[in-house]
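Please read these notes with the model open beside you. They are in numbered points, and each point can be checked by eye.

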Amino acid sequence: MPTIDLESAAREVVRLLDGVTEDRMDDPTPCADTSVAALLDHLMGLSLAFTWAARKTPPPEGGPRPGAESAERLDPQWRTLLPRRLDELVEAWRAPAAREGMTEAGGVTMPAEQMVVVALDELVLHGWDLARATGQPFTCAPADTAAVLAFTSEAARPEQAAGREGLFGPVVEVPEDAPAFDRALGFAGRDPAWTPKPA
């Protein structure tokens, strides 16, 4: 399996931030029951959680606690903080030791070489969520698309039903000859044709 680098997916999320206007913050996203503001807070939290996972360090005492994200908790400085956290996330996973042994994020422990795939999946899917919710185009590198498709298709297998609980919604049927990214979205419980409902 090719070595996964998070830079392309992280850069795409950062690119989208300029297109997130204040009047969009309460808008829905393809991520069920999640507003744009709550999604941004989730991106803030996951960037920290997966950085700590790469470094094999526990959350700092008294620091932010990923996993309880909400629109109300979104840091007012998110436009400057999120790009910085995403840069740190990319660099943390480039350290050779990051992919060795076991690590933990969000209460889940797994081999570090698998955890980086989960981190990529989170960045790509939530990047697409943010793009769709705010009416922006989304681009995913071919290597990232292949990795996310492999991850989401494996999670969609019937025997993985218990493991996908809380991670993905029910599989959305997408034609087998659809683009690879659309199929990855479907396996992740997202409708590739999702658009915000008109006001």
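1. A residue is called buried under 20% relative accessible area, exposed over 50%, and partly exposed in between, using a 1.4 Å probe and protein chains only. G107 has 64% relative accessibility, so it counts as exposed. G107 sits in the loop between β1 (102-105) and β2 (108-111). Helices (H or I, at least four residues) and strands (E, at least two) are DSSP runs, numbered from the N terminus.

2. This is a predicted model, where local features need pLDDT of at least 70, side-chain atom pairs count only at pLDDT 80 or more, and totals for chains, interfaces and linings use all residues. Residues are numbered from 1 along each chain as its sequence is written, and side-chain values use heavy atoms, with hydrogens and water left out.

3. R55 belongs to helix α2 (residues 36-55). Its relative accessibility is 46%, so R55 is partly exposed. Contact here means heavy atoms within 4.5 Å. Not counting residues up to four places away in sequence, R55 touches E88 and A92.

4. R190 is found in the segment after α7. R190 is buried, at a relative accessible area of 7%. Setting aside residues up to four places away in sequence, R190 touches C31, L125, H126, W128, D129, F168, V172 and L185. The R190 side chain also comes to 3.4 Å from the backbone oxygen of A188.

5. How do α4 and α5 pack? Helix α4 (residues 112-133) and helix α5 (residues 142-155) meet at an angle of about 105°, and their axes are 10 Å apart. The two helices are therefore roughly perpendicular, a label that covers 65 to 115 degrees. Axes are lines fitted to C-alpha atoms, for helices over the stretch in contact, and angles run from 0 to 180 degrees between N-to-C directions.

6. On the α4 side of this packing are V117, V118, L120, D121, V124 and L125, which meet D144, A147, V148, F151 and T152 in α5. The residues of this contact divide into 8 nonpolar, 1 polar and 2 charged.

7. A nonpolar core is a set of buried Ala, Val, Leu, Ile, Met, Phe, Trp, Tyr and Cys residues joined through side-chain atoms within 4.5 Å. The largest one has 56 residues, of which L6, L40, F50, W93 and L130 touch the most other members. The largest share of this core, 14 residues, comes from α4. Leaving aside neighbours within four places in sequence, W93 contacts residues including L6, F50, A112 and M115.

Terms used: Angles under 35 degrees count as roughly parallel, over 145 as roughly antiparallel, 65 to 115 as roughly perpendicular and the rest as oblique. Ala, Val, Leu, Ile, Met, Phe, Trp, Tyr, Cys and Pro count as nonpolar, Asp, Glu, Lys and Arg as charged, and the others, Gly among them, as polar. A polar contact is a pair of N or O atoms within 3.5 Å; within protein, one must be able to donate a hydrogen and the other to accept it, and residues adjacent in sequence count only if both atoms are side-chain atoms.
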